[in-house]
Amino acid sequence: EAFATVFGDPTDFQLGIGSTVTAGTSQPFSEAFGSEFALTDLVLQNPGGDIGRVEIARDGTVVFASALENFRDFDLHFVAPYIFDAGQSLTMTVECTTPGPSNPGCAVSASFAGFTK
């Protein structure tokens, strides 16, 4: 049985884990929702010190963007969550300009947490 709260069921997922984006290219990573999802927490990881850009979008509309060189680990916690309706998707697009030292490409990933109703 799910661990339900008044906000819904706690839910988490990761995007980009184990993937490498080739220098000079961009790559999207997506998660589609079958029911409403309230995004409350986001942790971006750039352990290799890669240079480029990351965007988080809801159905193609960017809700967050950052230069990769601005962080190695970056966590965000929202008081008012971003709501994704059933049928919508969250997409993280990584644009790799320059991989960090000794990296074959940009290895950026993100962990997302929130509640599903």
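Leaving out neighbours within four places in sequence, Thr40 touches Leu76, His77, Phe78, Pro81, Ala113, Gly114 and Phe115. Keep in mind that this is a predicted model.

**Thr40 and strand E4**

- Thr40 belongs to strand E4, which covers residues 37–45.
- Is Thr40 buried or exposed? Its relative accessible area is 14%, and the cut-off for buried is under 20%, so Thr40 counts as buried.
- The Thr40 side chain also has a polar contact, at 2.7 Å, with the side chain of Asp41.

**Strand E10 and its partners**

- E4 runs antiparallel to E10, and eight bridges join the two.
- In that pairing, Leu42 sits opposite Phe112 of E10.
- E10, residues 109–116, also pairs with strand E1, residues 9–15. That pairing is antiparallel too, with seven bridges.
- Across from Thr11 you'll find Gly114 of E10; Gly114 is also one of the residues in contact with Thr40.

**Aromatic rings**

- There are ten aromatic pairs in the structure.
- Take Phe7 and Phe115: their ring centres are 5.6 Å apart and the planes make an angle of 45°, so this pair is tilted.
- Why does the pair of Phe7 and Phe115 tie together parts that are 108 residues apart in sequence? Because Phe7 lies in the segment before E1, while Phe115 is in strand E10.
- Phe7 has a relative accessible area of 55% and is exposed.
- Phe13 and Phe112 make a stacked pair, because their planes are at 20° and anything under 30 degrees counts as stacked. Their ring centres are 5.0 Å apart.
- Phe13 is in strand E1 and Phe112 in strand E10, so their pair links parts 99 residues apart in sequence.
- Phe13 is buried at 10% relative accessibility, and Phe112 is buried at 1%.
- Which residues do ring pairs link into a cluster? They are Phe13, Phe33, Phe37, Phe84 and Phe112.

**The open sheet**

- Four strands make up an open sheet in the order E3-E8-E5-E6, paired antiparallel.
- Strand E3 (25–32) and E6 are the edge strands; each has a single partner, so one side of each has no neighbour in the sheet.
- On average, neighbouring strands here are turned by 15° against each other, ignoring direction.
- E3 and E8 are antiparallel and share eight bridges, with Ser26 opposite Glu95 in E8.
- E5 is also joined to E8 by eight bridges, again in the antiparallel sense. Here Ala57 faces Thr91 in E8.
- How many bridges join E5 to E6? Six bridges do, and the two strands run antiparallel. Ile56 stands opposite Phe64 in E6.
- As background, side chains in a regular strand alternate between the two faces of the sheet.

- Most residues other than glycine have a negative phi, so the next two are worth a look on your screen.
- Asp59 has a positive phi, near 50°, and is not a glycine.
- Where is Asp59 found? Asp59 is in the loop between strand E5 (51–58) and strand E6 (61–67). E5 and E6 form a hairpin with two residues between the strands.
- Asp59 counts as partly exposed, with 43% relative accessibility.
- Ser102 is the other case, with a positive phi of about 60° in a residue that is not a glycine.
- Ser102 is placed in the loop between strand E8 (89–98) and strand E9 (105–106).
- Is Ser102 buried or exposed? At 79% relative accessibility, and with over 50% as the cut-off for exposed, Ser102 counts as exposed.

Conventions
Residues numbered from 1 in each chain as written. Predicted model: local features only at pLDDT ≥ 70, side-chain atom pairs only at ≥ 80, totals over all residues. Heavy atoms only, no water. Pairing = 2+ DSSP bridges. Buried < 20%, exposed > 50% of the residue type's maximum accessible area, 1.4 Å probe, protein only. Polar contact = N/O pair within 3.5 Å; in protein donor to acceptor, adjacent residues only side chain to side chain. Contact = heavy atoms within 4.5 Å. Phe/Tyr/Trp six-rings, centres within 6.5 Å; stacked < 30°, edge-to-face > 60°. Axes fitted to C-alpha atoms, helices over the stretch in contact; angles between N-to-C directions.
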